[in-house]
Amino acid sequence: MSPAGRPRTFDMDAVLESAMLLFWERGYESTSLAQLREATGLSSASLYGAFDSKEGLFEKAVEHYVAGPGRVTDVVADEEISPREAVAGLLHGSISMQTDPSHPRGCLVALTGTVRLPGAEDAGVREVVAARRAVDRARIRACAVRGVAAGELAEDTDADAVTSMVHGFLLGISTQVCDGVPAAHLHAAADALLVNWGAPAR
């Protein structure tokens, strides 16, 4: 009997790395299937067989990004360090990653979210990046709540407002990096944001 399907003959990690870099550099909408085939070395049949669609490949590429360069944001969920250290690590780590010249600038998740993709066919793409942003917001809020409990923030601190402030800064790093704002300026801005964290109102 012949086998039900042909065995996969490509390196999945290498394919996802190439797709991730292309989506990161060009954005989802501007990346064509032809460019993806060229970057990954996959034929149309292999690409569709493994990922079903461009959207399916993008979803896996985002997972690859989150487990790779994007893992710098995981520090904000680390309860082994103080809440202030966690937020500082989140911001400074993100700035360092997004300005690293070894890969495209900015954040794949943040940059994908800057364009409202048209049509129901792209709803899955919006959901993928929105879900990741929701994870970051939840982690930042939990860190703010820990900050209040630890006495780093005043008891009457609005955790939602702090979350929006920190997350807004995090998302804004990408556009500033892509506009050429130097990393040193962004690190200084992060320090300015952190000035009042750890100095609760008297």
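**View 1. Helices H4 and H7 cross at roughly 15°.** In this predicted model, the axes of helix H4 (residues 54–67) and helix H7 (residues 123–149) come within 9 Å, where axes are lines fitted to C-alpha atoms over the stretch in contact, with angles from 0 to 180 degrees between N-to-C directions, and helices are DSSP runs (H or I) of at least four residues. H4 and H7 are therefore roughly parallel to each other, a term for angles under 35 degrees. Residues are numbered from 1 along each chain, local features need pLDDT of at least 70, and side-chain atom pairs count only at pLDDT 80 or more, whereas totals for chains, interfaces and linings use all residues. Side-chain values use heavy atoms, without hydrogens and water.

**View 2. Residues of H4 meet residues of H7.** On the H4 side, Glu 55, Phe 58, Glu 59, Val 62 and Val 66 are in contact (heavy atoms within 4.5 Å) with Gly 124, Val 125, Val 128, Val 129 and Arg 132 in H7.

**View 3. The largest nonpolar core has 26 residues.** Such a core is a set of buried Ala, Val, Leu, Ile, Met, Phe, Trp, Tyr and Cys residues joined through side-chain atoms within 4.5 Å, buried meaning under 20% relative accessible area with a 1.4 Å probe, protein chains only. Among the residues that touch the most other members are Phe 23, Phe 58 and Val 62. Helix H1 (12–26) is one of the elements that give two or more residues, and H1 gives the most, with 7 residues.

Conventions
Parallel < 35°, antiparallel > 145°, perpendicular 65-115°, else oblique. Buried < 20%, exposed > 50% of the residue type's maximum accessible area, 1.4 Å probe, protein only.
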